[in-house]
Amino acid sequence: MKICFATNNPKKIEEVKAALGDSFEIVSLKDIGCSDELPETGDTLEHNAFQKARYVKEHFGLDCFADDTGLEVDALQGEPGVFSGRYAGEPRSDERNIDLLLKNLGDTSLRTARFKTVIALLLEGDEYKFEGVAEGEILTMRTGNGGFGYDSIFRPVGYTQSFAELTMEQKNQISHRGKAVAELITFLNHR
Ligand code: IMP
């Protein structure tokens, strides 16, 4: 089955392809010739995920899924949350986002946080939603070179390493997106 993953992030495509295996052909926005910045103007992850998926369906006529992810930090009352991508403003920068988050957290000992992912799937005229959460804590400094986004400052519960120190397979097994994708796969395989 061919399905578009509405993202321009090659790391995400790689993660999802690894999790989905060979039964699905995943095409990216680039593969379908879409270089548009997808709209994400909502104030919830769900709103943004559906907004992105519907944009691709409307403009390219393809069944597709889109994800939206946020990092909720307890000591910052759930920020940056839905604004995680543009936490330090435009143009988006992982490095500046991390710097701002570490600055805002300071040396507080309350460092619990979670990643949440919502995946919106548009398939054969119907809409479906899948979710995944990964609990953890924010480190005091960057650790590890893998992954992307906030990975180098997030240590998942039960691990001594940050997400950026885990292999992609290890991260996929426990991550917010890995869990949401697992739900998506179960759904696609049983329909
Ligand atoms: P988006 O949903 O792709 O727009 O992601 C929102 C923000 O969360 C961006 O700053 C991403 O870099 C970050 N992000 C998304 N997924 C992950 C992840 O798996 N690890 C670390 N950061 C992520």
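There are 18 salt bridges in this structure, a salt bridge being a side-chain nitrogen of Lys or Arg within 4 Å of a carboxyl oxygen of Asp or Glu. One of them pairs Asp 67 with Arg 177, with 3.4 Å between the closest N and O atoms. That pair ties together distant parts of the chain: Asp 67 belongs to strand E3 and Arg 177 to helix H5, 110 residues apart. (Helices, H or I with at least four residues, and strands, E with at least two, are DSSP runs numbered from the N terminus.)

A quick word on the model: it is predicted, so local features need pLDDT of at least 70 and side-chain atom pairs count only at pLDDT 80 or more, while totals for chains, interfaces and linings use all residues. Residues are numbered from 1 along each chain as its sequence is written, and side-chain values use heavy atoms, with hydrogens and water left out.

Now for the ligand. It has 15 residues around it, and the closest include Arg 177 and Thr 69; here, a residue is near if one of its heavy atoms lies within 4 Å. By type, this shell splits into six charged, six polar and three nonpolar residues. (Ala, Val, Leu, Ile, Met, Phe, Trp, Tyr, Cys and Pro count as nonpolar, Asp, Glu, Lys and Arg as charged, and the others, Gly among them, as polar.)

| Residue | Protein atom | Distance to a ligand oxygen |
|---|---|---|
| Asp 68 | side-chain N or O | 3.2 Å |
| Thr 69 | polar backbone atom | 2.8 Å |
| Asp 94 | side-chain N or O | 3.5 Å |

On its own the ligand exposes 480 Å², and the protein buries 92% of that (accessible areas come from the Shrake-Rupley method with a 1.4 Å probe). Strand E3 (64–73), helix H3 (94–105) and helix H5 (176–189) each give two or more residues to the shell around the ligand.

Most residues other than glycine have a negative phi, and most peptide bonds are trans. Gln 77, in the loop between E3 and E4, has a positive phi near 55°. Glu 79 and Pro 80 are joined by a cis peptide bond, with omega about -5°, and Pro 80 lies in strand E4 (residues 80–81). Another cis bond links Glu 90 to Pro 91, with omega about -10°; Pro 91 is in the loop between E4 and H3.

Conventions
Polar contact = N/O pair within 3.5 Å; in protein donor to acceptor, adjacent residues only side chain to side chain.
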